[in-house]
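Subject: Structure handover

Hello,

Here is the structure I promised to pass on. Please open it alongside this message; my notes follow below.

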Amino acid sequence: MYVSIWCHSLNLSSRSLAIVLVVCVTLVYFSYSFNACLLASISRTLQQSNLRNLLTLQQRNASSEAEANRVSNASRSSNGNSNSSTSAGPSSNSSSSSSSSTTAILNSTVSNGIASVDGAPKYQMLRQQGLRPSRHLPDTLIIGVKKSGTRALLEFIRLHPDVRAAGSEVHFFDRHYQRGLRWYRHHMPYTIEGQITMEKTPSYFVTKEVPQRVYHMNTATKLLIVVRDPVTRAISDYTQAASKKADMKRFEQLAFVNGSYSVVDTNWGPVKIGVYARYLEHWLLYFPLSQLLFISGERLIMDPAYEIGRVQDFLGLKRVVTEKHFYFNATKGFPCLFKSEARSTPHCLGKTKGRNHPHIDANAIERLREFYRPFNNKFYQLTGINFAWP
Ligand SMILES: Nc1ncnc2c1ncn2[C@@H]1O[C@H](COP(=O)(O)OS(=O)(=O)O)[C@@H](OP(=O)(O)O)[C@H]1O
């Protein structure tokens with residue numbers, strides 16, 4: 001009645017009234033439906049993530065008692081209890097003075113190797129189910145080798161729901177060691193029980209102090225090492241440096257002493273890093289070969305699923321990341337990722353990965369190959385793998 005009076009007073013015809021009413025009803029209907037959909041979608045998302053976490057936990061609990069031992073091992077050695085290890089240890093000489101200073105740092109900075117997130121409301125649901133997300137020191141490190149495909153490896157393996165990784169290179173063991181393990185742990189992502197914490201800093205492989213420091217953090221740390229033909233690696237390293245410095249000398253001028261190709265400049269970083277055997281020998285003073293996994297940088301490009309399969313086996317993970325997650329992107333010239341098996345969200349590494357290399361004189365390349373050959377052979381012998389670099 002009021003509407004009719006109102007319409008009369010506005011001198012509207014009954015047709016106009018009908019149109020106004022239809023528009024109003026439609027608006028009310030759409031607004032109601034939109035809100036209902038929004039609420040349903042939010043609630044579905046919450047339920048799914050919750051369920052996924054529960055499933056992950058159940059899977060891990062069922063399949064991996066050893067994994068639980070590993071986690072408790074990590075906590076033990078975080079407490080400075082590295083003597084309880086059954087893995088290969090350093091020679092008594094090498095662990096003397098700096099060993100005790102390391103232990104001092106451990107004792108002063110870490111109470112139990114774990115930082116939990118009590119009080120954060122977003123974790124309330126997980127806590128109600130007895131799951132306590134917390135930050136842990138890494139169980140696994142990608143220690144190198146620079147420019148061999150370490151970023152690709154990390155991006156590929158972190159597709160696995162049981163792997164959580166620090167986003168950027170933390171450089172704890174080579175640059176920030178004095179900040180202590182509490183600082184390091186704070187840079188790790190939150191994990192729930194059964195998830196692996198991972199970090200990659202490629203300079204760890206070539207930094208002298210790092211093997212002993214990792215050993216003192218956790219003797220059971222698993223080490224992933226991507227290696228690539230040292231000549232291509234050197235050129236890649238040079239290409240990266242040249243991209244940051246406009247007046248960089250040519251590769252051939254830097255790789256050899258006095259500009260001739262007779263003497264290789266072994267003090268030049270890009271050349272020096274490629275003598276893998278020298279650095280590996282140092283790591284083997286602290287860790288048995290069984291704790292190291294070598295990944296071929298070449299094969300990581302040609303057949304990423306194969307290499308990621310090996311990595312999952314090595315880490316005791318179910319093979320969740322498979323060939324279904326990869327596709328070859330012809331524009332990029334490299335394998336790229338689907339972030340799920342449903343082949344959604346394609347993703348390639350950024351522009352700094354997969355750069356065009358400058359042309360290098362073939363004689364310079366041949367001379368470098370000759371230089372590396374004995375070191376490569378030594379590396380094959382130490383690892384038991386023939387990488388067949390030319
Ligand atoms: N899928 C995919 N996409 C792009 N690039 C790939 C991929 N897999 C391996 N690579 C190779 O990774 C090289 C860079 O190595 P790193 O990630 O170890 O570099 S870094 O040390 O972290 O700077 C990079 O070296 P450059 O080609 O010289 O850029 C690549 O050859």
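Where is the place of threonine 221 in the chain? Threonine 221 sits in the loop between α8 (210-217) and β7. Keep in mind that this is a predicted model.

**Threonine 221**

Threonine 221 counts as buried, because it has 22 C-beta neighbours inside 10 Å and the threshold is 20 or more. Residues up to four places away in sequence aside, threonine 221 touches Asp139, Thr140, Leu141 and Val214. Serine 243 is 22 residues from threonine 221 along the chain, and their C-alpha atoms are separated by 35 Å.

**Overall picture**

The chain has 15 helices and eleven strands. Of its 390 residues, 31% are buried. Take the contacts between residues at least 6 apart in sequence: 76% of them join residues at least 24 apart.

UniProt, in an unreviewed entry, lists Lys147 under "active site". Lysine 147 is in the loop between β3 (140-144) and α6.

Check the backbone here. Most residues other than glycine have a negative phi, and most peptide bonds are trans. Lysine 147 has a positive phi, near 65°. Valine 145 lies in the loop between β3 and α6 too. A cis peptide bond joins glycine 144 to valine 145, with omega about -5°.

Histidine 171 is another non-glycine residue with a positive phi, about 55°. Histidine 171 is in the loop between β4 (163-165) and α7 (180-186). With 16 C-beta neighbours inside 10 Å, histidine 171 counts as partly exposed.

**The ligand**

The ligand is surrounded by 18 residues. The closest are Thr150, Arg151, Ala152, Ser236 and Phe334. Which elements each supply at least two residues of the shell? They are α6, α9 (230-244), α13 and β10. The largest share, three residues, comes from α6. By class, the shell has seven nonpolar, six polar and five charged residues.

**Helix α14**

Helix α14 covers residues 304-314. Pro304, Glu307, Ile308 and Val311 are buried in α14. Why do they line one face of the helix? Seen down the axis of α14, the buried residues fall within an arc of 95°, so they share one face.

Glycine 316 follows α14 and has a positive phi, near 70°.

**Helices α12 and α15**

Helix α12 (residues 276-283) packs with helix α15 (residues 362-383). The angle is about 30°, and the axes are 8 Å apart. From α12, Tyr276, Ala277, Leu280 and Glu281 take part; they meet Phe375, Lys378, Phe379 and Leu382 in α15. The residues of this contact divide into six nonpolar, no polar and two charged.

Best regards

Terms used
Residues are numbered from 1 along each chain as its sequence is written. This is a predicted model: local features need pLDDT of at least 70, side-chain atom pairs count only at pLDDT 80 or more; totals for chains, interfaces and linings use all residues. A residue is buried if 20 or more other C-beta atoms lie within 10 Å of its own, exposed if 12 or fewer, and partly exposed in between; C-beta atoms are placed from the backbone. Helices (H or I, at least four residues) and strands (E, at least two) are DSSP runs, numbered from the N terminus. The arc is that of the directions from the helix axis to the C-beta atoms. UniProt positions are given in the numbering used here, feature names are shortened, and annotations may be inferred rather than shown by experiment. Axes are lines fitted to C-alpha atoms, for helices over the stretch in contact, and angles run from 0 to 180 degrees between N-to-C directions. Two residues are in contact if their C-beta atoms, placed from the backbone, lie within 7 Å. Ala, Val, Leu, Ile, Met, Phe, Trp, Tyr, Cys and Pro count as nonpolar, Asp, Glu, Lys and Arg as charged, and the others, Gly among them, as polar. A residue is near a molecule or strand if its C-beta atom, placed from the backbone, lies within 6 Å of it.
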